[in-house]
Amino acid sequence: MKKSFTRSFTETPRFLKRIWLLRCVLVVFFSTTNLLIFAQASQLETDNGIVASIAPYNADVRDAILKASQYPQILTTLQKNQAQTSASFQNMISNFRQKKQGWFYTLTRYPDLMHALAILPDGQKEDEIYKLLPTQDEDLKESSWKLYRHEKQDLIQVDNIKVNAQEEFNKTIQRLDAPAIAAFQKLSTLPDVLTLLTNNIDLTSRLGIKYLANPMQLNNHLTALHDSLNVQNQYEIATFKKQMDDNPQAMQELSQAAKDYANANGYNIPAQQNYNLNNPNYYGNPYSYWFGYPSWYASPLWYPNSFGYNSGFYMGTGGFGIYGFPSYGFSNWFFNGGYRNRYPNLYHQFGNYYHGHVAGNRVLGSVNNGFMGAANNHFNQNGGVRMNYLTSPNGYQRPSGQTSPNSGNTTHTNANTYHAQSWGSFGGRGNSVGGSGSFRGGGGGRGRH
């Protein structure tokens with residue numbers, strides 16, 4: 001394949017070669033530009049912003065964040081290394097059609113498998129390849145076999161990029177103490193969290209100083225804010241769910257919108273979803289921090305296993321229903337991507353919740369912030385309404401009937417509460433952490449299938 005391509009290219013007229021080379025340069029440029037836009041959009045502006053952005057995470061993640069925040073120079077180095085690795089990866093795959101690029105992105109989620117395929121001798125049969133897979137997911141099967149069978153040299157190159165990135169990471173943190181090393185190792189498996197910290201080095205550094213001065217006080221504050229957010233989230237979900245349940249036409253349109261949004265991104269929602277947000281597989285195998293998520297996603301999506309839940313709508317053995325709020329990606333696609341006109345009842349219902357929330361001057365938590373941020377960008381394009389974010393547990397008064405969250409279960413409120421690309425950037429922006437409200441409506445782009 002490589003030889004025939006080289007031969008045909010050398011025989012191509014010079015002006016066609018120039019056009020082809022220019023196209024390759026533009027593909028790399030626009031892919032890199034997209035990632036830079038997303039990185040800039042995830043920048044926060046105040047100390048309250050960084051505190052409130054990490055409060056929704058569970059205690060073990062918050063602890064890793066606080067430990068890592070004491071080493072801004074390490075975070076700066078990691079960000080630099082990530083930029084170099086991502087650029088090398090983009091440069092290598094940019095000449096392929098989007099479907100094939102998607103195969104490479106899929107394998108970056110499984111670095112051990114990618115390495116095994118890279119060092120596997122040629123000539124293995126398809127069934128032998130499938131035996132190596134951690135799951136028999138159809139996308140993973142196709143990606144593994146196609147790249148092993150037809151793009152082995154490029155697969156080896158991507159694996160080498162990953163190996164080098166891991167070696168640089170290990171070298172960067174090797175002189176730290178054991179707790180700090182463990183913290184960075186944990187964050188390396190949470191690309192959205194690590195991106196949040198590296199995109200806000202100054203705020204993260206000040207957070208580390210504050211933590212070092214009084215770790216107990218900051219931990220207690222974050223715990224109280226986390227618990228308060230859980231209570232508020234439960235209330236908001238219940239309110240939103242009741243409004244949707246009372247409008248069956250809007251529910252039907254939400255079901256269709258969920259499918260359309262998924263298809264627009266190359267994802268087919270299964271007929272029945274495993275509705276269990278506490279399942280560790282839900283956030284398992286994210287896209288690699290070093291390589292990033294597919295450049296054609298118009299909103300950040302690090303965890304493709306959660307894609308089917310982005311609309312807040314689920315299909316299960318017990319029927320269908322609402323489990324939580326739409327993500328920022330879905331909401332931005334719906335409001336700002338020109339798709340709202342297809343679903344008039346749903347648009348009206350979403351508008352009722354948004355306007356009722358604003359009129360009641362209710363503060364935003366983590367669970368509804370992605371939805372509200374996208375809605376605010378749509379209904380107030382001139383920035384007329386400033387979102388009121390919850391940054392202190394004392395700043396939220398529980399409506400009557402609310403109770404404290406179950407201390408034994410702090411992850412059930414919604415997918416957006418944890419690994420949330422749904423928190424707004426505080427201090428004036430209404431966009432989500434990791435997403436840009438002005439960038440083509442979110443979640444668009446053709447899928448890879």
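**Helix packing and buried residues in the predicted model**

Ala257 touches Phe330, Trp333, Tyr343 and Leu346, leaving aside residues up to four places away in sequence; contact here means heavy atoms within 4.5 Å. The model is a predicted one, with local features needing pLDDT of at least 70, side-chain atom pairs counting only at pLDDT 80 or more, and totals for chains, interfaces and linings using all residues. Numbering starts from 1 along each chain as its sequence is written, and side-chain values use heavy atoms, with hydrogens and water left out.

Ala257 itself sits in helix α15 (residues 248-264). Helices (H or I, at least four residues) and strands (E, at least two) are DSSP runs, numbered from the N terminus. With a relative accessible area of 0%, Ala257 is buried, where buried means under 20% relative accessible area, exposed over 50%, and partly exposed in between (1.4 Å probe, protein chains only). Tyr339 is 82 residues away along the chain, yet its C-alpha atom and that of Ala257 are separated by 8.7 Å.

Zooming out, the protein has 18 helices and two strands, and 53% of its 449 residues count as buried. Of the contacts between residues at least 6 apart in sequence, 78% join residues at least 24 apart.

Another buried spot is His226, in helix α14 (residues 215-245), which counts as buried at 4% relative accessibility. A polar atom of the His226 side chain lies 2.8 Å from the backbone oxygen of Ala55. The side chains of His226 and Arg62 are joined by a polar contact of 3.4 Å. A polar contact is a pair of N or O atoms within 3.5 Å; within protein, one must be able to donate a hydrogen and the other to accept it, and residues adjacent in sequence count only if both atoms are side-chain atoms.

Helix α9 (residues 138-150) is capped at its N-terminal end by Asp137, with a side-chain oxygen 3.0 Å from the backbone nitrogen of Asp139. Buried residues of α9 include Asp139, Leu140, Trp145 and Tyr148. The buried residues of this helix pack against α6 (98-108), α7 (111-119), α8 (126-130) and α10 (152-173).

Finally, there is the pairing of α17 (residues 344-359) with α18 (residues 369-379), whose axes come within 11 Å and cross at roughly 95°. Axes are lines fitted to C-alpha atoms, for helices over the stretch in contact, and angles run from 0 to 180 degrees between N-to-C directions. Among the residues meeting here are Tyr347, Phe350 and Tyr354 in α17, and Phe371, Met372 and Phe379 in α18.
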